[in-house]
Amino acid sequence: MNLIFLGAPGSGKGTQAEFVSEKKSIPPISTGNMLREAVKNGTPAGLAAKEYMDRGDLVPDETVIGILKERIAKDDAQNGFILDGFPRTVEQAKALEDMGVNIDLAVEIYVPDERICARMGGRRVCDACGASYHLEYKPTAVEGKCDACEGNAVQRVDDKPETVLSRLKTYHEKTAPLRDFYSERGKLKTVEGQEEIADTTRLTFEAIGC
Ligand code: ADP
Ligand code: ZN
């Protein structure tokens, strides 16, 4: 089963993608996490991506599509995968089709912009393994420390308020058109993001039928 998660930055799509990944035993593939890893390791893709990411702009298609192609060719992705943060433009969605990738379902986690802005300040990410947390909705057991590894749970540079607004604008301009793209293909389901993570998970599982 090949799934896509759509949703604004901070909608909680990555968190839900992780739950579905466990339930269906297929890997979650987050282009955001892969790009942050590439930046950390100073790879050519990371060097190409860094300035865009820091500004909250989309990384050029050729870089992201290259990373994605390599990732879905790996063994663990042959029985299905969950894309989190890709495609983010109609061009990227078309590139997926051109690769011959069949998408079973695109799940949109819908959260109004006002809620997104209120939530973003609390968002944290592990600087070592990429696990995501939230001060209020998904706190770490020990403040500032990742539950999964030795890393620190820190605020992302692109989570400051000005950058969040510009990422939201980009989302509406570039990524929201994907709703029509997948809805025209009969593949879109929308889940309303709830206040409690577990409630959104229940609705997400219902939408996917798992
Ligand atoms: P969020 O969902 O919170 O916006 P992500 O971790 O998915 O965060 O992405 C972080 C940043 O990585 C984006 O702002 C963008 O610069 C870059 N990025 C991630 N995925 C893509 C993509 N598919 N196309 C272009 N840029 C991307
Ligand atoms: Zn960690």
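In the predicted model examined here, E108 stands opposite T190 in strand β8. The model is predicted, with local features requiring pLDDT of at least 70 and side-chain atom pairs counted only at pLDDT 80 or more, whereas totals for chains, interfaces and linings use all residues. Residues are numbered from 1 along each chain as its sequence is written, chains are lettered from A and ligands numbered from 1 in the order in which they are written, and side-chain values use heavy atoms, with hydrogens and water left out.

Strand β8 (residues 188–192) runs parallel to β4, and five bridges join the two. Helices (H or I, at least four residues) and strands (E, at least two) are DSSP runs numbered from the N terminus, and two strands are taken as paired if DSSP finds at least two bridges between them. Strand β4 also pairs with strand β1 (residues 2–6), again in parallel, through four bridges. In this second pairing, F5 stands opposite V107 in β4. Five of the six residues of β4 (residues 105–110) are buried, and the strand is thus mostly covered. Here and below, buried denotes under 20% relative accessible area, exposed over 50%, and partly exposed the range in between, computed with a 1.4 Å probe on protein chains only.

Empty space in the model was examined next. Rolling a probe the size of a water molecule over the atoms shows where such space is left. A pocket is an open set of points on a 1 Å grid over the protein atoms alone, where a 1.4 Å probe fits, with protein on both sides within 12 Å along at least five of seven lines; lining residues have an atom within 4 Å of a point. The second largest pocket has a volume of about 470 Å³, the volume being the space filled by probe spheres set on the points, which are joined across faces, edges and corners. Of its 19 lining residues, R36, E37, V125, D127 and R156 are the closest to the centre. Two or more lining residues are given by each of the elements α2 (31–41), α3 (44–55) and β5 (123–126), and α2 supplies the largest share, with five residues. The lining comprises eight nonpolar, three polar and eight charged residues, where Ala, Val, Leu, Ile, Met, Phe, Trp, Tyr, Cys and Pro count as nonpolar, Asp, Glu, Lys and Arg as charged, and the others, Gly among them, as polar.

Side chains of opposite charge can pair when their charged atoms come close. A search of the whole structure finds 17 salt bridges, each defined as a side-chain nitrogen of Lys or Arg within 4 Å of a carboxyl oxygen of Asp or Glu. One of these joins K40 to E37, with the closest N and O atoms 3.7 Å apart. Both residues lie in helix α2, where K40 and E37 are three residues apart, about one turn of the helix. K40 is partly exposed at 47% relative accessibility, as is E37 at 37%. Within helix α7 (residues 161–175), E173 and K169 are four residues apart, about one turn of the helix, and form a salt bridge with the closest N and O atoms 3.4 Å apart. E173 is partly exposed at 49% relative accessibility, whereas K169 is exposed at 55%. The side chains of R71 and D76 meet in a salt bridge with an N to O distance of 2.8 Å; R71 is buried at 15% relative accessible area, whereas D76 is partly exposed at 42%.

F181 is buried at 7% relative accessibility, and Y182 is buried at 3% relative accessible area.

Backbone geometry was also considered. Most residues other than glycine have a negative phi, and most peptide bonds are trans. A cis peptide bond, with omega about -5°, joins F86 and P87; P87 lies in the loop between β3 (81–84) and α5 (90–98). S25, although not a glycine, has a positive phi of about 55°. This residue, S25, lies in the loop between α1 (13–24) and β2 (28–30) and is exposed, with a relative accessible area of 63%.
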